[in-house]
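Colleague: Could you walk me through this model, one piece at a time?

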Amino acid sequence: MTSCKPTKPEYQRKPDWLKIKLNTNEDYNGLKKLMRENNLNTVCEEAKCPNIHECWGSRRTATFMILGAICTRACRFCAVKTGLPTELDLAEPERVADSVVIMNLKHVVVTAVARDDLKDGGSEVFAETIRAIRRKNPFTTIEVLPSDMGGIEQNIRNIMDAKPDILNHNIETVRRLTPRVRARAQYDRSLELLSRAKEMQPTIPTKSSLMLGLGETKEEIIEVMDDLRANNVDIMTIGQYLQPTKKHLPVLKYYSPSEFGELREIAMSKGFSHCEAGPLVRSSYHADEQVNASAKQRQLQGEEKIATLNS
């Protein structure tokens, strides 16, 4: 009799274009020290981001992770710790704002673990963090990256009423793979969050990210682009999934830089104001450039409308 045991996915050797240049200079070490002194978490560290040395060592930017370092979800792609979170740290928004001032950041990204244990999903702490940064450094642009917060409208409204400069929520993967990849999350619920955010604050750009290498097809990738545009998402980032540990989902394909370049062209042809695509691209990668590009695109669209009305 032949064996019916399932075959393991073939190991994919990491290609040369994914080699990372380490940059542990004074800026990198100083920023790391600042985070520890202020008892702050960053998704750069917790999610083992491949760009941490570039962002911390060269660009001097960071993505703050509020609401603790323990997530209530166990997504099969994510390295953040899972378990029962501790109580809320209500002083955290002020510490984040103080760090933004010390670092003299022009753009800051604020994300968080999923807090399904909280009725508001942590949205009030998000809102207070936005307000605290605005008070202490009014010229800093702010991008927020929340979970779906249970899809509750008021939770989304709490954040949008605080008026971040960009609302980012990641779709992560294609519709077919969502149940396997994202714990508790729902593909359509993520689209609904992005759509509602735009309805609440039409002038605030929305953004979403897709990671590749989990077994999706090109047709499915394009379907995600169409779904995001149908829900008025302005900015898209596309990056390579990297397996954080052996317990996480394996990489089934490494996409080449040229493949990412093609996908970026397709995304831009569909009407996104900006698309960042590449093997090492992550949701907050070069986020400062994205907010500027989006602002310029909105300005051009406004000028075109005025020209049309005057013609």
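Colleague: Which residues does Leu67 touch, not counting residues up to four places away in sequence?

Modeller: Happy to start there, with a word on the source: this is a predicted model, where local features need pLDDT of at least 70, side-chain atom pairs count only at pLDDT 80 or more, and totals for chains, interfaces and linings use all residues. Residues are numbered from 1 along each chain as its sequence is written, and side-chain values use heavy atoms, with hydrogens and water left out. Contact means heavy atoms within 4.5 Å. On that basis, Leu67 touches Leu88, Glu92, Ala112, Val113, Arg115, Gly121, Gly122, Val125 and Phe126.

Colleague: Is Leu67 buried or exposed?

Modeller: Leu67 is found in the loop between strand 2 (63-66) and strand 3 (70-71); helices (H or I, at least four residues) and strands (E, at least two) are DSSP runs, numbered from the N terminus. Buried means under 20% relative accessible area, exposed over 50%, and partly exposed in between, with a 1.4 Å probe and protein chains only. Leu67 has a relative accessible area of 4%, so Leu67 is buried.

Colleague: How do helix 5 and helix 6 lie relative to each other, roughly parallel or roughly antiparallel?

Modeller: Axes are lines fitted to C-alpha atoms, for helices over the stretch in contact, and angles run from 0 to 180 degrees between N-to-C directions. The axes of helix 5 (residues 123-136) and helix 6 come within 8 Å and cross at roughly 5°. Angles under 35 degrees count as roughly parallel, over 145 as roughly antiparallel, 65 to 115 as roughly perpendicular and the rest as oblique. Therefore helix 5 and helix 6 are roughly parallel.

Colleague: What does the side chain of Ser147 reach?

Modeller: Ser147 is found in the loop between strand 6 (141-145) and helix 6 (153-161). With a relative accessible area of 16%, Ser147 is buried. Leaving aside neighbours within four places in sequence, Ser147 is in contact with Ala114, His169 and Leu193. Its side chain reaches, at 3.2 Å, the backbone nitrogen of Met149.

Conventions:
Polar contact = N/O pair within 3.5 Å; in protein donor to acceptor, adjacent residues only side chain to side chain.
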